There are 2 protein chains.
Amino acid sequence: MKGKKLALGVSLMALLAFPVSQAAAQEAPKLTEDEWKAAKRIYFDRCAGCHGTLRKGATGPTLLPKRTKELGTEALEVFISEGTAGGMPAFVSGGMLSAQEANLMARFIQNDPVAPPEISLADINETWKVIVPVDKRPSKPEHSRNWQNFFGVVLRDAGKVVIYDGDTKENLGELPTGFAVHILRSSASGRYFYSIGRDGKATMIDLWSKTPTMVAEVKTCSEARSIETSKFHGYEDKLAIVGCYWPPHFVVIDGQTLEPKKIVSTRGYTYDTNEYHPEPRVAAIVPSHYSPEWVLNIKETGFIWLVDYSNLRDMKIKMIEAERFLHDGGWDAKKRYFMPAANMKDTMVVIDTKTGKFVTKFKTGTKPHPGRGANWNDPKYGPVSGTVHLGEGRLAVWGSDPENKNKEFAKNAWKVVRSIELKKGSGSLFMKTHPKSKNLWLDFTLNPEPSSHRSLCVMDITKPEEEAKCFDVADHGRVVHMEYNKNGDEVWVAVWDKAGEIVVFDDKTLKEKTRFKNLVTPTGHFNVYNTMKDVY
Amino acid sequence: MKGKKLALGVSLMALLAFPVSQAAAQEAPKLTEDEWKAAKRIYFDRCAGCHGTLRKGATGPTLLPKRTKELGTEALEVFISEGTAGGMPAFVSGGMLSAQEANLMARFIQNDPVAPPEISLADINETWKVIVPVDKRPSKPEHSRNWQNFFGVVLRDAGKVVIYDGDTKENLGELPTGFAVHILRSSASGRYFYSIGRDGKATMIDLWSKTPTMVAEVKTCSEARSIETSKFHGYEDKLAIVGCYWPPHFVVIDGQTLEPKKIVSTRGYTYDTNEYHPEPRVAAIVPSHYSPEWVLNIKETGFIWLVDYSNLRDMKIKMIEAERFLHDGGWDAKKRYFMPAANMKDTMVVIDTKTGKFVTKFKTGTKPHPGRGANWNDPKYGPVSGTVHLGEGRLAVWGSDPENKNKEFAKNAWKVVRSIELKKGSGSLFMKTHPKSKNLWLDFTLNPEPSSHRSLCVMDITKPEEEAKCFDVADHGRVVHMEYNKNGDEVWVAVWDKAGEIVVFDDKTLKEKTRFKNLVTPTGHFNVYNTMKDVY
């Protein structure tokens with residue numbers, strides 16, 4: 001197991017299945033204080049997402065000393081440097097880490113993981129700032145722009161969100177949202193954008209003020225990925241929720257001020273083996289349209305929680321046994337069925353938010369990653385939804401309307417009706433269409449080949465037998481995330497790079513309309529109307 | 001703070017509020033391996049109940065090294081030996097520990113607490129035994145006894161439960177239930193008794209077989225206090241639930257076989273300060289009569305959980321913010337309102353299981369300890385409930401029928417209408433009456449004076465202004481727990497001692513009817529009919 005020439009096709013998972021020898025009893029490599037500090041930062045930024053803060057594994061395998069000491073520094077360095085076929089990125093070859101950093105991380109993960117501190121409501125309160133009080137905000141837009149067609153663009157490494165006018169393509173201002181914003185979500189009215197950083201900081205942007213203005217912020221955790229708002233009738237713009245990675249909990253915050261109101265722990269037992277897990281992280285959250293509920297993916301335990309926000313004092317939570325490890329997902333076209341991916345099980349799960357019950361789960365391909373998914377009408381199979389995959393170049397399409405009047409269409413519900421090989425290969429993160437469009441856009445962001453990760457494919461959903469049209473978007477970076485404008489006739493795409501870009505395409509002609517350059521690592525961009533209405 | 005002459009009136013809590021000096025940085029006293037083993041056993045048996053397995057405190061203060069090292073071995077020894085006015089028992093003077101053991105425990109608690117291991121469903125499955133399969137059990141009673149008037153008597157330190165025929169007073173057999181059974185509960189039909197030991201072992205006794213027979217057992221945790229059954233229409237004898245102290249979780253088990261079916265963690269945030277607590281223990285559980293729900297007191301976080309058992313797969317839990325630290329409690333006469341004690345806040349809480357909502361909370365006196373409580377009709381105030389107290393000699397009585405047709409009576413709901421000083425003093429654990437009785441029985445089990453803890457008082461509830469009649473039950477041990485027979489004309493009382501007794505009184509004349517002697521530490525005794533119907 002020596003040298004840097006380990007076959008990259010061998011997955012880390014396979015190696016970790018080796019029996020533990022005497023080596024495990026060895027001392028872990030020592031790190032200096034400065035090295036600890038640097039390694040903890042890199043681990044948080046690059047590793048924790050897949051392997052967990054406590055290194056018990058999720059999308060990636062466990063990285064506990066028992067196994068990592070057995071593998072040893074050299075082998076670990078190879079994995080970190082060169083990645084694996086199982087989905088581990090090549091951090092050194094890919095230019096994300098230096099060789100020294102790979103060595104540091106190889107030594108770091110042979111030491112026992114240390115749990116970051118717990119966080120109480122008092123801690124959160126200390127970080128809470130109302131920058132513009134509610135009574136100082138406008139009661140109607142202070143501008144005549146078509147604000148429902150604004151776009152919020154995340155500049156991940158710049159710690160900023162830029163707001164663009166989708167009609168005029170003007171930059172309306174950059175907001176200092178803090179480190180590594182993961183996503184933006186809209187309030188039910190669309191007036192507010194809420195950002196969540198990977199560092200757990202939530203911010204709130206008012207789109208009605210003269211120029212977009214940050215009106216409040218709060219840090220609800222030390223690591224987070226999701227934020228959502230209360231969209232049920234009667235609760236519009238009233239509440240928001242942050243789903244945290246560490247501590248493993250969610251926090252309900254006021255929708256107008258971000259005042260923290262309630263923390264609920266997600267620690268508990270796995271749904272299947274019923275083992276205690278100290279770190280069940282909150283992945284995607286969606287807002288129910290059937291009841292005052294949020295739908296939370298609890299990644300490590302494999303539960304989907306329906307959190308009733310109508311009574312925070314006597315809070316009701318329904319815990320639905322689903323699958324591990326839950327990640328992302330979205331609604332069917334009627335927003336009744338929530339369909340999250342359990343990527344490590346190659347599975348999509350379906351729950352019915354009208355009845356609050358588990359419906360089914362089915363396999364689609366290696367590591368499905370639907371993002372929020374996509375819904376359209378297939379000429380042969382009727383209303384369908386789909387997912388792309390991290391682990392293979394495949395678009396899976398299934399029926400998603402069990403109540404359809406056409407019984408043939410209804411029968412297709414939760415059956416994979418098409419499984420289309422994508423010639424650009426694996427590594428897809430997102431797919432997107434729009435009710436007014438006949439295009440389905442697909443990215444290949446994590447594919448190792450530049451010819452794939454710099455390109456997009458577009459499929460004509462009215463002619464699903466035809467091959468998708470693929471084209472390069474840029475000669476640098478990685479293409480990621482597609483978002484329609486309000487009218488559904490324009491698609492915005494990001495080129496994720498230190499000198500990144502947003503490229504705007506005409507949805508009909510697939511011609512480039514405009515390109516914003518020199519943006520620092522754009523990684524996601526959200527149209528107000530489509531985000532507030534959950535259009536996809 | 002030297003010597004054994006510390007004023008016993010000073011509470012440990014007050015001392016623990018002292019600022020921490022340099023002493024806290026000192027090393028903790030060392031223990032040999034044998035001492036560790038002995039101390040852990042004593043801590044589990046004598047200390048964990050009030051101070052918590054992780055020593056974060058509950059009914060007793062926290063015992064973490066930061067504070068205990070400051071106090072030092074000598075001062076701690078005094079507290080352990082002599083007790084405090086705040087409710088800490090005098091373990092050496094009271095004959096429960098030797099002086100050497102007190103010294104050992106004083107040293108032990110200056111060391112860091114160690115969390116006992118987690119327990120998974122697989123671990124629990126390994127302990128599960130069906131002794132008599134369901135199809136080998138009788139379909140009707142194999143005897144002609146009045147089995148609904150059987151009594152199950154816990155012989156705590158003997159690791160046994162004895163079943164008595166309440167009509168004939170015959171001993172029908174001793175069942176080896178294991179160490180330190182805490183309580184018995186009946187299935188909805190009354191046919192089965194379920195025991196739970198402090199060591200987390202649940203057993204199931206069939207009262208229909210020729211002689212009472214243990215038909216199944218399972219160990220769901222390493223420490224527990226509560227067990228309950230599914231009593232809602234349609235779920236009779238179907239399910240049971242064990243509330244655990246460690247790990248902090250509850251386990252749903254099959255009501256016929258004790259097969260473990262589901263574990264749910266109770267770890268989470270305190271209801272008030274919203275701080276994470278690693279050990280929120282499940283105290284009393286009652287079965288709702290309004291819906292397929294169990295009502296759980298989560299002690300350390302101060303929540304009351306309504307656990308819906310109608311769908312274990314997609315389980316619904318309502319988490320009601322109540323008060324800390326929740327301990328015991330019971331129903332009002334109509335079994336709609338659950339009234340648990342938050343003893344450290346001197347408070348009774350009321351929740352409405354019909355609406356699933358918090359109703360109110362109110363102060364009654366120092367450390368209320370109602371057991372399951374008692375309900376009767378007060379001549380002046382109408383339907384009332386009451387509690388005795390650990391911390392003072394007081395019976396608090398409040399209205400408990402807000403829907404009463406008599407509006408004056410309804411208005412008394414959740415108001416303390418009588419606060420009666422009890423001349424025998426503090427240390428009461430239980431009170432009991434019966435719908436057919438005009439007596440209210442009161443014990444003083446934890447009172448330091450033998451003249452109190454060996455006696456009982458009986459109040460005439462039709463003449464609440466009259467002084468209660470008090471009398472000695474035994475010249476040894478401590479009198480604890482009263483239970484009526486099915487007809488409500490006889491009261492069974494335990495004398496808790498190594499050579500203990502059960503004494504049966506005629507409820508009308510208060511005359512002794514019979515006495516069972518030489519029972520090893522009887523600590524609780526349960527009538528089948530009254531337990532299955534929640535009569536109190």
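Strand E18 (residues 314-321) of chain B and E18(A) run antiparallel and are joined by seven bridges. Two strands count as paired if DSSP finds at least two bridges between them. Across this pairing, A:Ile317 stands opposite B:Ile317. The model is predicted: local features need pLDDT of at least 70, side-chain atom pairs count only at pLDDT 80 or more, and totals for chains, interfaces and linings use all residues. Residues are numbered from 1 along each chain as its sequence is written, while chains are lettered from A and ligands numbered from 1 in the order in which they are written.

In chain A, 27 residues are in contact with 27 residues of chain B; contact means C-beta atoms, placed from the backbone, within 7 Å. E18(A) gives the most, with eight residues. This side of chain A divides into 12 nonpolar, six polar and nine charged residues. Ala, Val, Leu, Ile, Met, Phe, Trp, Tyr, Cys and Pro count as nonpolar, Asp, Glu, Lys and Arg as charged, and the others, Gly among them, as polar.

Within chain A, the domain assignment, which is automatic or from a database, gives domain 1 (12-108) and domain 2 (121-144 + 180-321). Their centres, taken over C-alpha atoms, are separated by 32 Å. Seven residues of domain 1 are in contact with seven of domain 2. The domain 1 side of that contact holds four nonpolar residues, two polar and one charged.

The largest nonpolar core has 258 residues, and A:Val242 and B:Val242 have the most contacts inside it. Such a core is a set of buried Ala, Val, Leu, Ile, Met, Phe, Trp, Tyr and Cys residues joined through C-beta atoms within 7 Å. A residue is buried if 20 or more other C-beta atoms lie within 10 Å of its own, exposed if 12 or fewer, and partly exposed in between. Not counting residues up to four places away in sequence, A:Val242 touches several residues, including A:Ile196, A:Ala202, A:Phe250 and A:Ile253. Another core, of 18 residues, lies apart and includes A:Val78 and A:Phe108.

In chain B, strand E6 (residues 192-197) has six of its six residues buried. Side chains in a regular strand alternate between the two faces of the sheet. In E6(B), B:Tyr192, B:Tyr194 and B:Ile196 lie on one side, with B:Phe193, B:Ser195 and B:Gly197 on the other. Five bridges join E6(B) to the antiparallel strand E5 (residues 181-186), where B:Ser186 stands opposite B:Phe193. Five bridges also join E6(B) to the antiparallel strand E7 (residues 201-206). There, B:Ala202 is the bridge partner of B:Ile196.

Some backbone geometry stands out. Most residues other than glycine have a negative phi, and most peptide bonds are trans. A:Leu258 has a positive phi near 70°. A:Leu258 is buried, with 27 other C-beta atoms within 10 Å. B:Lys169 also has a positive phi, of about 65°. B:Lys169 counts as partly exposed, with 13 C-beta neighbours inside 10 Å. A cis peptide bond, with omega about -20°, joins A:Arg324 and A:Phe325. The bond from B:Trp246 to B:Pro247 is cis, with omega near -15°.

Methods: Helices (H or I, at least four residues) and strands (E, at least two) are DSSP runs, numbered from the N terminus. Two residues are in contact if their C-beta atoms, placed from the backbone, lie within 7 Å.
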